[in-house]
Structure formats: structure tokens, C-alpha cells
Amino acid sequence: MDYSEFKASVANTHLAPLIYFAEEDYLQQLKHGDFPRWRKHLKEFPEVTTANFDFGEVVKIGKAEDIDSHVQAEIKRLLLEMIPWRKGPFEVLGIPIDSEWKSNLKWARLAKKITSLTGKKILDIGCGNGYYGFRMLAQEPELVVGIDPHLAYVAQFWALKQFATKLPLHILPCALEQISDPLECFDSVFSMGVIYHRRSPIDHLLQCKKCLTPGGELVLETLYVDGPTGYSLIPEKRYARMSNVWFVPSIGTLEQWLTRCGFKNIQIVDDSTTTINEQRKTEWMPFASLEDALDKSDSSKTIEGSPAPKRIVVLANTPS
Ligand SMILES: C[S@@+](CC[C@H](N)C(=O)[O-])C[C@H]1O[C@@H](n2cnc3c(N)ncnc32)[C@H](O)[C@@H]1O
């Protein structure tokens, strides 16, 4: 977790307030029970750096030829200790990481619809282990910053990034609402799979807007339900086994939220149903997955009796 490149790249820019989340004082006070364990764990990785990358469907960092088979076995053991790997797939120094989600399918649904990322500054909110951030690098952006408060996923990114320290992709262990300054300087902001986890979706959209440059693009991906404008599903307790889902909007409701927050050019660019081909248990995520969250006798419903997960991708701009 060497943030020196990040600090150098944002010092004296509008992004300088983000340095706070990369300072040792901030990192030290993170309270997650596993955090000291992750730090110790990361120190156990053999020192290897590579200049071999492929930011395609399987994000490849290094090649098997970069290391000998003993080092590879040790790295695989250490990476496996960091389960669950929810987002991927990755191949790290020849080690395939078959994550729970085939995140390449989501990226394929939106990559051709979004504004080019070349030369741009990008923020990925709820970036997890950074799979999409690596995919973005294929378009040669100036800088990609990911944020995520879930340290286990950020630690996975730190494990990957140690092999590739020079990439202009950095992940900070923080939540969107911790960024109090109106940064107003990212050309594109991604919020994928986050808004339904927020108790206040409107505040989430306003916070996304404050990060964007005038005319910048929000890429919003979310669960949705069928229903009239104004309707949102508010799960009684859980939705598809998740206890942290608060509002699942209809498409009209989502459009109205965006309009009321001042976004323009609202376009739905993808609509899909999540399948057990896309989200499933693997060696790298051996716990319950989508199959366990769907009604065994009617896969159009979750085990709680709600509509099964469907997702949309929406693009919208801030006013120029
Ligand atoms: C369902 S996952 C989606 C991950 C990824 N963006 C994707 O689309 O596959 C939601 C992610 O958002 C993160 N998250 C939840 N609340 C957040 C917040 N307030 N700010 C930033 N990230 C948040 C979670 O830790 C988790 O990694």
C-alpha cells in the first residue's frame, strides 16, 4: 500500500483532499478487525514486479514466466487466503483467479456505450478489488481512483497492485460520503452496484454529482424492479440474502431521482437479468451465491419472494 505515486499525481490539484485517505495516520485508525492481519499478510508476498499487463476480459498482471514455480505456489497460497474474491476474473503471474462474478460480462454491457475514458480522470465508487479500474486502463485514462470502505476488497487490490506499482490506478479505503469537498473534477464517475446499498439514494446521487466536472458523465449501474414511476421496492429484511439493500427503484423512479438531482441527458443503455452463469460459487468464493438466493421452484423470485435480480445501466451528465 505504497501511495507515493498517488500523492505525487494529485498534489496541487483539485484532488489533493483525497491524500487524507492515503496518509498513514488515516490508515492506522481503520478499525476493521482483519486490517492488521491484511497488512501482515501483504508483507509475506514475495517481491515481484512486472511490466506485463493485459486489461482484457481476464485482467492479466504478469506472466507465469516472470517467476519460478515455487514462488508461484506461494503467491497462489497467499492470494487464496484473501477469499472471497467476488470480482474478476484475474490472472496473476499465471495464477487464474476465478471470482464469484464474471465481471467481464457487466463491463461488456456498458464499455461501448460510455464516453471514451482516454486521457480522462475517473472515479469508481464502490470499486471492490479494482477489476473495473484495471479494465478502464485499457483506454489509457490519465488517472483512475477507486474508493471502497470494505477493507477486505481494498486489501485484494493492494495485493495485486504490489506487482504493478506504476499503473495510474489507485484505490482508497473510504466511502463516498467521507469525501466532504466538492471535487468537481472527475470526467467520469462510476457508481456500479452501490446505490441500493445506500439508505439515502438521493444523497448518493448528489455526492456523485459533486465529484463530476461540469458536463461530466455518471455511469450508474443498479438493481431495478418493474413498477410505476415513484415505486421502489423496500425489502422487509433481506433482498436475495443481502441485509443491506434499502431501495430498489423502478426505472421511472431512478430517472426521476436523477432529474431531481439536476442530471441531464439521462439514458438507459442496458437492461439485463442476472444469471447463475454470471454470479456463482467458485474455488475463490466458496460461500453462498446467487443460486442460494433464488427460489428453488421459481427462479423469477428471490428466496424472500421478491423479484429476482435485474439490473440496468444508466448514463447521465451534469449540466455544462
Ligand atoms: C455490490 S458491490 C459492487 C462492486 C462493483 N462496483 C461492481 O459493480 O461489481 C458494492 C460495493 O460498494 C461498496 N460500497 C458500499 N457502500 C459504499 C459507499 N458508501 N461508498 C463507496 N463504496 C461503497 C461495497 O463495499 C462494495 O464493494
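Helices (H or I, at least four residues) and strands (E, at least two) are DSSP runs, numbered from the N terminus.

The model is predicted: local features need pLDDT of at least 70, side-chain atom pairs count only at pLDDT 80 or more, and totals for chains, interfaces and linings use all residues. Residues are numbered from 1 along each chain as its sequence is written.

**First stop: strands 8 and 9**

Select residues 186–192, which form strand 8, and display strand 9 beside them; the two strands pair in the parallel sense over six bridges. Two strands pair if DSSP finds at least two bridges between them. Along this pairing, F190 has V219 of strand 9 as its bridge partner, and S188 stands opposite E217 of strand 9.

Strand 8 is mostly covered, with seven of its seven residues buried. A residue is buried if 20 or more other C-beta atoms lie within 10 Å of its own, exposed if 12 or fewer, and partly exposed in between, with C-beta atoms placed from the backbone.

Now widen the view to the open sheet, in which seven strands follow the order 7-6-5-8-9-15-12 with mixed pairing. Strand 7 (169–172) and strand 12 (264–273) are at the edges; each has a single partner strand, so one side of each is left without a neighbour in the sheet. On average, neighbouring strands are turned by 15 degrees against each other, direction ignored. Axes are lines fitted to C-alpha atoms, for helices over the stretch in contact, and angles run from 0 to 180 degrees between N-to-C directions.

Select residues 212–224 and 310–317, which are strand 9 and strand 15; they pair in the antiparallel sense over eight bridges. Y224 has K310 of strand 15 as its bridge partner, while E217 is bridged to N317 of strand 15.

Helix 5 (residues 103–110) lies across strand 9, strand 12 and strand 15, and runs at about 140 degrees to strand 12.

Strand 2 (residues 59–61) and strand 3 (residues 90–92) run parallel and are joined by three bridges. V59 can be found opposite F90 of strand 3.

Most residues other than glycine have a negative phi, and most peptide bonds are trans. In the loop between helix 4 and strand 3, select P84, which is joined to I83 by a cis peptide bond with omega of about 10 degrees. P89 also lies in the loop between helix 4 and strand 3, and the peptide bond from G88 to P89 is cis, with omega near 10 degrees.

L93, in the loop between strand 3 and strand 4, has a positive phi near 50 degrees. L93 counts as buried, with 22 C-beta neighbours inside 10 Å.

Which loop holds E100? E100 lies in the loop between strand 4 and helix 5, and is buried, with 23 other C-beta atoms within 10 Å. Apart from neighbours within four places in sequence, the contacts of E100 (C-beta atoms, placed from the backbone, within 7 Å) include P84, R86, Q279 and R280.

**Last stop: the ligand**

Finally, select the ligand, which is surrounded by 19 residues (C-beta atom, placed from the backbone, within 6 Å); the closest are G126, H150, A175, M192 and G193.

How values were computed. Two residues are in contact if their C-beta atoms, placed from the backbone, lie within 7 Å.
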